[in-house]
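Hi there,

Here is the structure I promised to pass on to you. Please open it next to this email and follow along as you read.

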Amino acid sequence: MPEPTAEPGSASAEPGSAFGDRQPRPPTMLDALLPVLVLIALLTTTVALFGIDATNGPLQVALLLAAAFASLIAFKNGHTVAAVAEAAIGGVTSAVGAVFILLAVGALIGTWNMAGTIPTVVDIGIQLISPAWFFFTAAVVCAVVGMVTGSSWTTAGTLGVAFVAMATVMQLPVAVAAGAVICGAYFGDKMTPLSETTILVPQLVGRGLTVNAHIRNMIWTAGPALGISLILFLIIGFRNRPAAEVSTAAAEEALRGAFNTGLLSLLPLLLLIAFALLRYPPFLSILGSALFAGLLAPFTQPEAVRAFVADPSLGPVTTGVKALFGAMATGFVSHSGAPKVDELFSRGGMAGMLTTVWLILGALSFAAVMEHAGFLQRLLAPIVARARSRGTLILAANSSAIGLNVIAGEQYVADVLPARMFRDEFARRGLAPEVLSRAVEDSGTVTSVLVPWNTCGAYISGVLGVPTAAYLPYCFFNLLSPVLDVLYGFLGFKVATVPPEPETGDVDERAP
């Protein structure tokens, strides 16, 4: 997603204002805090009333109401209706790329189920992976794939879906499986020069920082965080082994009775990997693989396709075309007669992602208004100024990024603003640029998936079919990364220093 285009806290007059050429007033701390307090109150109310079902609509309403309230405060300060509306539209527009990817993943899950791709991966997995090693293996495989693809979203939306399905078949906790997938996917996303955030953050920090230097410095927190996570997944896996081994054989038999599992069914997965290695755009790669799987399905799963369409009057070609559109639009529905198998693989479709899209649009609308009116900068500026020691400065950078993931609901906002707001202070204190870039990634990038209304949390929860609150306790890597970064800051371990830069005056909040 592109960097938000709204210029936060701009002091320029807004055309068409009833105030003539008068500039909007800078927000007070109360102005900045009130929308946040309203948002917290609304979110708390929806979760208390609806529980995990809050993401099916109530959370979205809460976010839009909070955005409306923030707009009223902005109007009070002299911002015009047109300017605030334009900022909100700009914020939503910045997520168009993510929305397209989300819809493509929905189509892919539908056609991959129909073509037997996901059932085949599940079948192979439950044969080769011991239940005791399952969570460990899921994290490692997703870490490798994340580094190859450079995308935690692609990894979770493909192999992540398969691992969650495997956990269901093997009677292992799906929340732990989702946590293992997320840990691996986000490690891989951070530790590769193919990732958008890994490229973006060094550019924002500047001062000559290269992507490779940024990655080399991150390994000191990312490596131990993943290592501890793998140990914890092994412990959990061995504790869950006895229950998991009870009905694997019966599950395999039911699975093979419903689908023709074989190497041909893996062709869509291999095609997606090829697209990733060729660096094709994620949307086109995912949609292309989804389309190929839909065309392949009548040949690999003819009975499942006919049962899905359920129209004997149609010929083979028309049946295949109708199945393709149906699986991509509303998802595949299995009619094998095995209830557990049908429930597991009846998923996908672009329509199934619309609630997640709604959640993303609501979060970004609120974030855009908060940024345009200068509220986010007003909240961050005192934090920068009051961080006196090296450790507290690094703590402030991590805390700000995590807070922005919660308040703004968007990973890129949580990466961009702290990188811009703290970079001059880090330079003045003589801290190397890679210290700030690591702090931003260890907090802004990896904790985004832990917030249900954040674009990343909404996406991952949607594709894996596991509520954010359920998988959060098992995202060990994502929880440990900011903790280790802050600990290193206070200990002075792997905190590189450079000659301090001279005082440049006030923090330039508008620096690109």
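The largest pocket is lined by 30 residues, and Thr168, Lys340, Glu343, Leu344 and Phe345 are the ones nearest its centre. A pocket here is found on a 1 Å grid over the protein atoms alone: it is an open set of points with protein on both sides within 12 Å along at least five of seven lines, where a 1.4 Å probe fits, and lining residues have an atom within 4 Å of a point. The volume of this largest pocket is about 660 Å³, a volume being the space filled by probe spheres set on the points, with grid points joined across faces, edges and corners. Helices α4, α7 (152-169), α11 (248-258), α16 (339-345) and α22 (455-464) each give at least two residues to the lining. Helices are DSSP runs (H or I, at least four residues), numbered from the N terminus.

Before you go further, please keep in mind that this is a predicted model, in which local features need pLDDT of at least 70 and side-chain atom pairs count only at pLDDT 80 or more, while totals for chains, interfaces and linings use all residues. Residues are numbered from 1 along each chain as its sequence is written, and side-chain values use heavy atoms, with hydrogens and water left out.

Next, the salt bridges. How many salt bridges does the structure hold? There are 6 of them, each being a side-chain nitrogen of Lys or Arg within 4 Å of a carboxyl oxygen of Asp or Glu. One of them pairs aspartate 31 with lysine 76, with 3.2 Å between the closest N and O atoms. Aspartate 31 sits in helix α1 (residues 29-50) and lysine 76 in helix α2 (residues 58-76), so this pair ties together parts that are 45 residues apart in sequence. Aspartate 31 is buried at 5% relative accessible area, whereas lysine 76 is partly exposed at 42%. For these words, buried means under 20% relative accessible area, exposed over 50%, and partly exposed in between (1.4 Å probe, protein chains only).

Another salt bridge joins lysine 190 and aspartate 442, whose closest N and O atoms are 2.4 Å apart. Lysine 190 belongs to helix α8 (residues 174-190) and aspartate 442 to helix α21 (residues 433-445), so the pair ties together parts that are 252 residues apart in sequence. Lysine 190 is buried, with a relative accessible area of 0%, and aspartate 442 is buried at 0% too.

Helix α21 also holds arginine 438, which forms a salt bridge with aspartate 485 at 3.0 Å between the closest N and O atoms. Aspartate 485 lies in helix α24 (residues 476-491), so here the parts tied together are 47 residues apart in sequence. Arginine 438 is buried at 1%, and aspartate 485 is buried at 2%.

Now for the nonpolar side chains. In soluble globular proteins, these tend to be buried together. The largest nonpolar core in this model has 156 residues, and Phe134 and Met166 have the most contacts inside it. Such a core is a set of buried Ala, Val, Leu, Ile, Met, Phe, Trp, Tyr and Cys residues joined through side-chain atoms within 4.5 Å. Helix α4 (residues 96-115) supplies the largest share of this core, 13 residues. Which residues does phenylalanine 134 touch, leaving aside its neighbours within four places in sequence? Its contacts (heavy atoms within 4.5 Å) are Ile129, Phe163, Met166, Ala167, Met170, Leu172 and Ala177.

Just after α15, glycine 331 has a positive phi of about 100°.

Finally, a look at the backbone. Most residues other than glycine have a negative phi. Glutamine 171, however, has a phi near 60°; glutamine 171 is in the loop between α7 and α8 and is partly exposed at 45%. Lysine 494 has a positive phi near 55°, sits in the segment after α24 and is partly exposed at 36%.

Happy exploring!
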